[in-house]
Amino acid sequence: MYICRKHNPMRLLISLMCLALFFSCKQDSKTPTSTETSESNTAISADIEEIASPVQGNSHLPRLALGSETLQMTWVETQDSLAVLKYSRYVKDAWTRPQTITEGTDWFVNWADFPALGVNGDTMLTNVLQKSAEGTYDYDVKLSMFTPAGIKKGNFLLNTDGIQAEHGFVSLHAYDDGFYVSWLDGRNTKDEDRSKNQMSLRNAFIDLEGNISQETEVDNRVCDCCSTATAITRNGPVVVYRDRSESEIEVRDMSIVRWVDGMWTAPKSIHQDNWLLNGCPVNGPAIATKEEHMAVTWFTAANDTPSVWVVFSQDNGANFNEPIRLDAGNAIGRVDLTMLDTSTALVSWLEPQGESMVLQLAKVHVDGSKEAPITVTKTSAARQSGFPQMEVIDNTAYVAWTDVTAGEDGKKGTTKVRVLKVAL
């Protein structure tokens, strides 16, 4: 399912299109898997097991990252109106005691716009979204830099424009003695000149003391609410995101910008899906790099065909091979990806399987071949289930996802972050 969102006079029509896609996901689809799905929400084969989770209470929005071959995770716990961002490391088969990074009652907590997490040595960088005004989408990006010993610099502002507008969908990656950070920036959406009234993509460098520099607008017209993906190649940073054409019926395909010879390249399409959509599908890409090699995965519903694709590059993202489709039909996306070696990627995504929604995991190779997917767990298409996250250590994939328990008598259900270990 994709959700179309705002800035659109055809909103009702687009919403009906989205609902049509949602109900199409209820159709049976024959998904090749390496195991049979059980009735359990946990392990479904001898190669998949659930490990203890460090979370307590109502939790969601997990984010995984690797640092010194150690798995790290942030997540958000909610207590009435209070939201708390927490952090833990998985060391010697056990999670460290959860550390509170920041908390607040004035956050914009969004199922699709979850905190990023980057690791550079002993220093971590993460973010939350804090309301800046009464408008629904008026909020800023607040960063926190910390180590296992405590906070180095907490709750400092990423976007310094001072405009009460939407800022979010942060992605970041360690780079040299700091981090490269990308985000969607809505400062121009408050411009009275309609020709300038667009969401933009910006990025900046943040050193290990929390100083921000090199802030740049790299695309002045992008999709409003799809996540960004930042990675580092041998040339430097790259950012992949859902772009937005200037045509009357907009094309919402994936583009890339690259840091080359001291400057940012012009946006370039990764593949021309030609998805015509006057709305935001709330479904961003994922990227991974290894040396000069790169893999990107994304969701599209071009030609009314919801699907998940992956594409490879062998030259730091300057050129891409032909894309490879991964799903078995009616996928809802919410993708993640890592590279196992320079010619193999591991991709996760959500798609229907019979009457259930499942989390799939599959290896795909640069020569176009792919292996039968593993059905990791049953999940939900509901927004609360969020975007599953994945990292790989020593031929073992760790998957964090949000389990949704339905409420009784129409009441809101509960959510809990759970972690699975998958032998590859």
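Which residue in E16 is the bridge partner of Ala-231? In E16, that partner is Val-238. The pairing belongs to a predicted model, in which local features need pLDDT of at least 70, side-chain atom pairs count only at pLDDT 80 or more, and totals for chains, interfaces and linings use all residues. Residues are numbered from 1 along each chain as its sequence is written, and side-chain values use heavy atoms, with hydrogens and water left out.

## Overall make-up

The chain has one helix and 30 strands. Helices (H or I, at least four residues) and strands (E, at least two) are DSSP runs, numbered from the N terminus. Of the 424 residues, 58% are buried. Buried means under 20% relative accessible area, exposed means over 50%, and partly exposed lies in between (1.4 Å probe, protein chains only). Contact means heavy atoms within 4.5 Å. Among contacts between residues at least 6 apart in sequence, 52% join residues at least 24 apart.

## Strand pairs

Strands of a sheet pair through backbone hydrogen bonds, either parallel or antiparallel. Here two strands count as paired if DSSP finds at least two bridges between them.

| Strand pair | Bridges | Bridge partners |
|---|---|---|
| E9 and E10 (residues 150–157) | five | Met-145 and Lys-153 |
| E15 and E16 (residues 237–242) | four | Ala-231 and Val-238 |
| E21 (residues 293–300) and E22 (residues 307–313) | seven | Phe-299 and Val-308 |

Take E15 (residues 229–232) again. Ala-229 and Ala-231 point one way from this strand, while Thr-230 and Ile-232 point the other way. All four of these residues are buried. In a regular strand the side chains alternate between the two faces of the sheet. E15 and E16 form a hairpin with four residues between them. Gly-236 sits in that turn and has a positive phi of about 135°.

E9 (residues 139–147) has nine of its nine residues buried, so this strand is largely enclosed by the rest of the structure.

E21 and E22 belong to an open sheet of four strands, in the order E20-E21-E22-E23, with antiparallel pairing. E20 and E23 (324–325) stand at the edges, each with a single partner strand, so one side of each is left without a neighbour in the sheet.

Lys-86 lies in strand E4 (residues 82–91). Why does Lys-86 count as buried? Its relative accessibility is 14%. The side chains of Lys-86 and Glu-77 are joined by a polar contact of 3.4 Å. A polar contact is a pair of N or O atoms within 3.5 Å; within protein, one must be able to donate a hydrogen and the other to accept it, and residues adjacent in sequence count only if both atoms are side-chain atoms. Leaving aside neighbours within four places in sequence, Lys-86 is in contact with Met-73, Thr-74, Trp-75, Glu-77, Pro-98, Gln-99, Thr-100 and Ile-101.

Gln-360 is found in strand E26 (residues 356–365). Gln-360 counts as buried, at 0% relative accessibility. Its side chain makes a polar contact of 3.4 Å with the side chain of Glu-351.

## On a 1 Å grid over the protein atoms alone, a cavity is a set of points where a 1.4 Å probe fits but cannot get out, and a pocket is an open set with protein on both sides within 12 Å along at least five of seven lines; lining residues have an atom within 4 Å of a point. Grid points are joined across faces, edges and corners, and a volume is the space filled by probe spheres set on the points.

The largest pocket has a volume of about 1200 Å³. It is lined by 46 residues, of which His-173, Ile-287, Leu-337, Thr-338 and Glu-391 lie nearest its centre. Several elements give two or more residues to this lining, among them E15, E20 (286–290) and strand E24 (333–341). By class, the pocket lining has 27 nonpolar, twelve polar and seven charged residues. Ala, Val, Leu, Ile, Met, Phe, Trp, Tyr, Cys and Pro count as nonpolar, Asp, Glu, Lys and Arg as charged, and the others, Gly among them, as polar.

The structure also holds two cavities of 30 Å³ or more. The largest cavity has a volume of about 60 Å³. Its lining divides into nine nonpolar, no polar and one charged residue. Lining residues include Leu-61, Trp-107, Phe-108, Asp-113 and Phe-114.
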